[in-house]
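Colleague: Please take one part of this model and go through it closely. I would like to hear about the salt bridges and what surrounds them.

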Amino acid sequence: MASVTLEHLTKTYPNGFVSVDDVSLSIEDGEFVVFHGPSGCGKSTILRMIGGLEDITSGRIYLGRDLLNDILPRDRHLAMAFQNYTLYKHFNVYDNIALGLRLRNLPRTVIDSRVKEAAKFFGITDVLDQKIRLLSASDRQRVALARAVVFRPKVLLVDEDFARQDPELRVEMLGDILEINEELGITVLYVTNKQEEAVGLKKKTVFMKDGKITDIRSS
């Protein structure tokens with residue numbers, strides 16, 4: 001099950017600032033959920049706690065029936081698409097997508113199959129042999145997403161910083177993550193501070209302010 005459950009989730013920093021304030025939320029398997037609110041409202045912090053990049057002050061996070069609190073980020077069956085999606089410019093596209101699988105010592109045949117499957121899904125099969133520095137910004141973005149989903153994650157976390165490009169690239173990225181959700185069945189949690197984007201996606205939207213959920217609207 002790829003459901004995500006937050007129970008009384010709180011994040012307080014050492015200076016006393018409460019970024020996330022007693023948030024409880026249930027996200028169903030296969031849902032596309034948008035977190036919307038002004039900068040500093042806690043939406044990105046929630047994604048980072050789910051991904052294991054931020055410590056939890058109190059509360060619980062479940063993926064299905066599994067409590068994630070003390071599970072290392074690499075063992076959480078999640079993929080993250082944040083701004084710091086470093087692509088190795090001296091590698092070609094194939095090697096960038098395959099890198100994480102190789103680090104996990106998967107068989108070569110499995111790696112090859114998954115890389116080619118992901119490349120076909122994102123329409124980048126014809127650039128697998130090209131160096132990253134030669135790619136368009138659009139193709140680099142797709143390589144980053146391919147590297148995220150090649151692990152066959154249960155949940156994809158997409159922070160607004162990942163989409164901080166020109167408007168055309170942002171629209172392409174949103175189309176790609178909608179496909180990931182609809183065609184691959186991966187649960188997607190997407191953060192944005194753009195109201196028109198949150199509304200336009202016509203998905204379940206969680207509105208936040210000052211670390212709290214103020215409203216939840218279904219599509």
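Modeller: A salt bridge here is a side-chain nitrogen of Lys or Arg within 4 Å of a carboxyl oxygen of Asp or Glu. Keep in mind that this is a predicted model. Glu-182 sits in helix H5 (residues 167-184), while Lys-203 is in the loop between helix H6 (195-200) and strand S9 (204-209), so the pair ties together parts that are 21 residues apart in sequence. Glu-182 has a relative accessible area of 54% and is exposed. Lys-203, at 21%, is partly exposed, because buried means under 20%.

The whole structure holds 13 salt bridges. Another one joins the side chains of Asp-215 and Arg-217, at 2.8 Å from N to O. Asp-215 is partly exposed, at 30% relative accessibility. Arg-217 is also partly exposed, at 46%.

Now a buried case. Glu-54 and Lys-11 meet through their side chains in a salt bridge of 3.5 Å, N to O. This pair links distant parts of the chain: Glu-54 is in the loop between H1 and S4, Lys-11 is in strand S1, and 43 residues separate them. Both Glu-54 and Lys-11 are buried. Arg-48 joins them in a network of salt bridges.

What lies around that network? Start with the sheet. Four strands form an open sheet, antiparallel in its pairing, in the order S2-S1-S4-S5. Strands S2 (18-27) and S5 (66-67) are at the edges with a single partner strand each, so one side of each has no neighbour in the sheet. Strand S4 (residues 58-63) runs antiparallel to S5, and two bridges join them. In this pairing, Leu-63 stands opposite Asp-66 of S5. Helix H1 (residues 43-51) packs on the sheet and touches S1 (4-12), S2 and S4. The directions of H1 and S1 make an angle of about 115°.

H1 itself is largely enclosed by the rest of the structure, since eight of its nine residues are buried. Among them are Lys-43, Ile-46, Leu-47 and Ile-50. Gly-52 follows the helix, with a positive phi near 90°.

For context, the protein chain has six helices and 10 strands. Buried residues account for 48% of its 219 residues. Its radius of gyration is 17 Å, which agrees with the value near 17 Å for a compact globule of 219 residues.

Notes. Residues are numbered from 1 along each chain as its sequence is written. This is a predicted model: local features need pLDDT of at least 70, side-chain atom pairs count only at pLDDT 80 or more; totals for chains, interfaces and linings use all residues. Side-chain values use heavy atoms; hydrogens and water are left out. Two strands pair if DSSP finds at least two bridges between them. Contact means heavy atoms within 4.5 Å. Axes are lines fitted to C-alpha atoms, for helices over the stretch in contact, and angles run from 0 to 180 degrees between N-to-C directions. The radius of gyration is taken over C-alpha atoms; the globule rule is 2.2 Å times the number of residues to the power 0.38. Buried means under 20% relative accessible area, exposed over 50%, partly exposed in between (1.4 Å probe, protein chains only).
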